[in-house]
Amino acid sequence: MLGKVELVAPCHFGMEAVLKKEIYDLGYEITRVSDGRVYFEGDAEAIAYANVFLRTAERVMINVGEFKAETWEELFQGTKAIPWEEYLPEDAKFNVLKAASVKSKLFSPTDIQKIMKKAMVDRMGSHYMRKTFDETGLEFGIRVMINKDIVSVGLDTTGTSLHKRGYRLLTAKAPIAENLAAAIIMLSPWREDRILVDPFCGSGTFPIEAALIGANIAPGINRKFSAMEWNHLINKSTWRDCKDDARERIVIPDKMDIQGYDIDPQMIEIARENARKAGVDKYIHFQTRGVDQLSHHKKYGFIITNPPYGERLMDQESVNEIYTTLGERYKSLDSWSMYMITSYKDAETDIGKKADKNRKIYNGMMKTYLYQFMGPKPPKRNEDTKQADK
């Protein structure tokens, strides 16, 4: 069975602090943080818990090796020096699924993959005393990042990316990734007793992720992971116990007001179906409504949204109109906060208000900005008020 190892969880650039807190909250020690990656120490149980519970990570990998390589020979020898036999059984099916290179002398992904595969076969051959492998057994995916000639080799325990929770079978044309949506919500002060509205909800990602957070439903509770089949490293009971624990942690909120609006009635139907698949449809009210109809009588609410910024619109004038209208409607919600992610460069100008905070985030390869407009904090409720509410 697997002992203590260093694990690495990639995330969106700019969201490392949110993921770091998640890992701390699970009880694991952070060893280091780099751009788009958080490293932490853990064992077989940590692999299960990280995959099932982390909302903002892209995947969870075992950091099996790091070394410097400026030549193909150094890449070959560094890869061969990794004790692959400690992780891969003799009949394992193993491939370098992805290789990325930044500011390094070795930059061809295809060549990196070929050289590393050859080195792995060489190492495995020396251990198992054979020259070829049928690779008919369990699958093991390897992911490689070369940054400034330092090669980081990860054994992927996740498989399909963690942002794919399993509920979003239908999407909008420009959907936000589930883990990025969760990170933005977790970056805000929103809690389940405060209203949350997404006036451009599309397929419902922000409202659904908020409901999952509010009900404390682990994002990976209903999905599978590659390492669930690695019985020589992780007992099946470890996964079973982890998912049982996740189910026990679910809470039924007393009050949770989450709303999603979209001008397209077809998108609203898609959002409702996605929420149903996620098991949170009872916590969300979806409605066909344009941003010009954004209003609410409740105080101290949150707008958390991903407005259109060109991909789904035909002309610049339409984009300008949408952000201007959003600004007008937000102004009328004088006690509310707004968290908005967009790549639209004139967002603050059109909204008519400068954000209190502005954070650069990469949404895939696209540079976007998270504009944070902070409303006032609600007054603290005294014990007499709380008792009167009961």
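1. Some ground rules to start. This is a predicted model, in which local features need pLDDT of at least 70 and side-chain atom pairs count only at pLDDT 80 or more, while totals for chains, interfaces and linings use all residues. Residues are numbered from 1 along each chain as its sequence is written, and side-chain values use heavy atoms, with hydrogens and water left out.

2. Let's begin inside. The largest nonpolar core has 97 residues, and Ile184 and Val280 have the most contacts within it. A nonpolar core here is a set of buried Ala, Val, Leu, Ile, Met, Phe, Trp, Tyr and Cys residues joined through side-chain atoms within 4.5 Å. Buried means under 20% relative accessible area, exposed means over 50%, and partly exposed lies in between (1.4 Å probe, protein chains only). As general background, nonpolar side chains in soluble globular proteins tend to be buried together.

3. Which helix gives the most to this core? That is helix 2 (residues 44-53), with 8 residues. Helices (H or I, at least four residues) and strands (E, at least two) are DSSP runs, numbered from the N terminus.

4. Leaving aside neighbours within four places in sequence, Ile184 is in contact (heavy atoms within 4.5 Å) with Met15, Ile176, Phe206, Ile304, Tyr339, Ile341 and Leu370.

5. Helix 2 is mostly covered, with 9 of its 10 residues buried. They are Ala44, Ala46, Ile47, Ala48, Tyr49, Ala50, Asn51, Val52 and Phe53. What do they pack against? The partners are strand 1 (5-10), helix 1 (16-26), strand 3 (37-42), strand 4 (61-68) and helix 7 (236-249).

6. Now to the pairing of helix 2 with helix 7. Their axes are 9 Å apart and the packing angle is about 40°, so helix 2 is oblique to helix 7. Axes are lines fitted to C-alpha atoms, for helices over the stretch in contact, and angles run from 0 to 180 degrees between N-to-C directions. Angles under 35 degrees count as roughly parallel, over 145 as roughly antiparallel, 65 to 115 as roughly perpendicular and the rest as oblique. The crossing of helix 2 and helix 7 is right-handed; a crossing has that label if the near helix is turned clockwise from the far one by less than a right angle, and is left-handed if anticlockwise.

7. On the helix 2 side, Ala44, Glu45, Ile47, Ala48, Tyr49, Asn51, Val52 and Phe53 meet Thr238, Trp239, Asp241, Cys242, Lys243, Asp245, Ala246 and Arg249 of helix 7. These contact residues divide into 9 nonpolar, 2 polar and 5 charged. Ala, Val, Leu, Ile, Met, Phe, Trp, Tyr, Cys and Pro count as nonpolar, Asp, Glu, Lys and Arg as charged, and the others, Gly among them, as polar.

8. Trp239 sits in helix 7 and is buried, with a relative accessible area of 3%. Trp239 and Ala48 are 191 residues apart in sequence, yet 5.8 Å apart in space, C-alpha to C-alpha. Beyond neighbours within four places in sequence, Trp239 is in contact with Ile47, Ala48, Asn51, Phe225, Ala227, Met228 and Ile234.

9. Helix 3 (residues 72-80) and helix 4 (residues 109-128) have axes that come within 8 Å and cross at roughly 40°. That makes helix 3 oblique to helix 4, and the crossing is right-handed. The residues in this contact divide into 8 nonpolar, 1 polar and 5 charged.

10. For helix 5 (residues 178-187) and helix 6 (residues 205-214), the axes come within 9 Å and cross at roughly 65°. This crossing is right-handed, and its contact has 8 nonpolar, 1 polar and 2 charged residues. Ile213 of helix 6 is partly exposed, at 21% relative accessibility. Not counting residues up to four places away in sequence, Ile213 touches Arg55, Ala182, Ile185, Met186 and Trp190.

11. Finally, two backbone points to check by eye. Lys103, in the loop between strand 5 (93-102) and helix 4, has a positive phi of about 50° although it is not a glycine. Is Lys103 buried or exposed? Lys103 is exposed, with a relative accessible area of 68%. Met129, in the loop between helix 4 and strand 6 (139-147), has a positive phi of about 60° and is exposed, at 73%.
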